[in-house]
Amino acid sequence: MEFDDQKAIQFILDRLPAEVAGRYDEDMVQYFIDTLFDFYEDNGMLDIDLNDDPDEAEARERRMTIDGLVKILTHDKFYNFLPDDIPLLLDAETAYELELDD
């Protein structure tokens with residue numbers, strides 16, 4: 001299955017707790033997805049390093065991603081993302097990608 005932005009947006013909004021989902025509309029979630037993929041690309045995280053321990057690499061990349069997205073999204077002049085919501089958005093987006101693999 002191929003990544004579909006509209007399906008991803010709906011999946012993410014459906015996965016978030018109701019009070020968190022209520023803070024974000026479809027445009028904001030699209031912006032989150034775009035920012036996430038830009039962050040991955042800018043930081044070489046789309047490349048696989050076969051020498052890394054997968055669990056350690058995943059934990060390190062998750063922390064780096066959350067920290068980077070918090071810096072970017074909480075200082076955005078167009079949208080107001082709350083720092084505590086970013087891990088939830090990331091987890092929901094990751095769950096969508098995992099569903100694509102099934």
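Helices are DSSP runs of at least four residues, numbered from the N terminus. Lys71 is found in one of these, helix H4. The model shown in these views is predicted.

**View 1. Lys71 and Ile66 in helix H4.** Helix H4 holds Lys71 and also Ile66. Lys71 is exposed, with a relative accessible area of 62%. Ile66 counts as buried, at 3% relative accessibility. Lys71 and Pro83 are separated by twelve residues in sequence and by 8.7 Å in space, C-alpha to C-alpha. For Ile66 and Pro83 the separation is 17 residues in sequence and 8.8 Å in space, again C-alpha to C-alpha. With neighbours within four places in sequence left aside, Ile66 is in contact with Ile86, Pro87 and Leu90.

**View 2. Asp85 in the loop between helices H4 and H5.** The loop that contains Asp85 runs between helix H4 (54–73) and H5. Asp85 is buried, with a relative accessible area of 3%. The side chains of Asp85 and Arg23 are joined by a polar contact of 2.9 Å. Apart from neighbours within four places in sequence, the residues in contact with Asp85 are Val20, Arg23 and Tyr24.

**View 3. The start of helix H1 and its buried residues.** At the start of H1, a side-chain oxygen of Asp4 comes to within 3.0 Å of the backbone nitrogen of Gln6. The buried residues in H1 include Ala8, Ile9, Phe11, Ile12 and Leu13. Helix H2 (18–21), helix H3 (26–42) and H5 are among the elements that cover the buried residues of H1.

**View 4. Packing of helix H1 against helix H5.** Two packed helices are described by the angle between their axes and the distance between the axes. For helix H1 (residues 5–15) and helix H5 (residues 86–101), the angle is about 125° and the axes are 9 Å apart. H1 is therefore oblique to H5. The crossing in which H1 passes H5 is right-handed. On the H1 side, Lys7, Ala8, Phe11, Ile12 and Arg15 take part; they meet Leu89, Ala92, Glu93, Ala95, Tyr96 and Glu99 in H5. By class, this contact of H1 with H5 has seven nonpolar and four charged residues, and no polar ones.

**View 5. Packing of helix H3 against helix H5.** The axes of H3 and H5 cross at roughly 80° and come within 11 Å. H3 is therefore roughly perpendicular to H5. Phe32, Ile33, Leu36, Phe37 and Tyr40 in H3 meet Ile86, Leu89, Leu90, Glu93 and Glu97 in H5. The residues of the contact of H3 with H5 are eight nonpolar and two charged, with no polar residue.

**View 6. Packing of helix H1 against helix H3.** H1 and H3 pack with their axes 10 Å apart, at an angle of about 110°. This makes H1 roughly perpendicular to H3. H1 contributes Asp5, Gln6, Ala8, Ile9, Gln10, Ile12 and Leu13 to the contact, and H3 contributes Glu26, Val29, Gln30 and Ile33. By class, the contact of H1 with H3 comprises six nonpolar, three polar and two charged residues.

How values were computed
Residues numbered from 1 in each chain as written. Predicted model: local features only at pLDDT ≥ 70, side-chain atom pairs only at ≥ 80, totals over all residues. Heavy atoms only, no water. Axes fitted to C-alpha atoms, helices over the stretch in contact; angles between N-to-C directions. Helix = DSSP H or I, 4+ residues; strand = E, 2+ residues; numbered from the N terminus. Parallel < 35°, antiparallel > 145°, perpendicular 65-115°, else oblique. Left-handed = near helix turned anticlockwise from the far one by under 90°. Contact = heavy atoms within 4.5 Å. Nonpolar A, V, L, I, M, F, W, Y, C, P; charged D, E, K, R; others polar. Buried < 20%, exposed > 50% of the residue type's maximum accessible area, 1.4 Å probe, protein only. Polar contact = N/O pair within 3.5 Å; in protein donor to acceptor, adjacent residues only side chain to side chain.
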